[in-house]
Amino acid sequence: MTTKMSAPPTRTSTSAESRIPASGGVSHSPPTDRRLRAAARARKNQLPITLADELRRKSVHLAAVGIPIAYYFVPRTVSTRILLGVFLVLLVIDLLRLQTPRVRWFFSQFLGDILRGHESRDLLASTYMVLAALLTLYIVPQKQVAIAALVFMVVGDTSAALIG
């Protein structure tokens, strides 16, 4: 005599229960197929960044080559303090941009066409780049090595985006 094993009974939810997560409106569960498909549709609906926009975007990043150039002429302690101040200012501005509609509008008017989609809800890449430069200055004690690393970071980031 063989016995069939059946799956345990599942609870079916009503339509109202399935729309509102138990966490009070915020879902912390892993993405479902439906949510993944919705995210893919949202990515498709974003306008692609044109080459001209990407060149403008990377020209801003390429301007960061001024960091290693300035570091060459300025003592290490002064450079790290200046870069720390620049980073803190950028971080505050970025956080204001993310939290304040008026600042967000200002950014969208002047930089909207060169910002990436994820940067509308995350820190700007330039903030991360200044943080990386600051960490490089703190971690690498040899000035020439730090300068080379910073130049490679700036030029490599720009080339990677343009070439692929």
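**The pair in its helix**

Modeller: D94 and R97 both sit in helix α5, which covers residues 76-99. They are three residues apart, about one turn of the helix. A helix here is a DSSP run of H or I with at least four residues, and a strand is a run of E with at least two, numbered from the N terminus. This is a predicted model, in which local features need pLDDT of at least 70, side-chain atom pairs count only at pLDDT 80 or more, and totals for chains, interfaces and linings use all residues. Residues are numbered from 1 along each chain as its sequence is written, and side-chain values use heavy atoms, with hydrogens and water left out.

Now the pairing. Side chains of opposite charge can pair when their charged atoms come close. D94 forms a salt bridge with R97 (a side-chain nitrogen of Lys or Arg within 4 Å of a carboxyl oxygen of Asp or Glu). The closest N and O atoms are 2.9 Å apart. By this rule the count is one salt bridge.

Next, the burial. D94 is buried, at 1% relative accessible area. R97 is buried too, at 3%. Buried means under 20% relative accessible area, exposed means over 50%, and partly exposed is in between, with a 1.4 Å probe and protein chains only. In the chain of 164 residues, 21% are buried.

Finally, the setting. The chain has eight helices and zero strands. Along the sequence, the pattern reads α-α-α-α-α-α-α-α.
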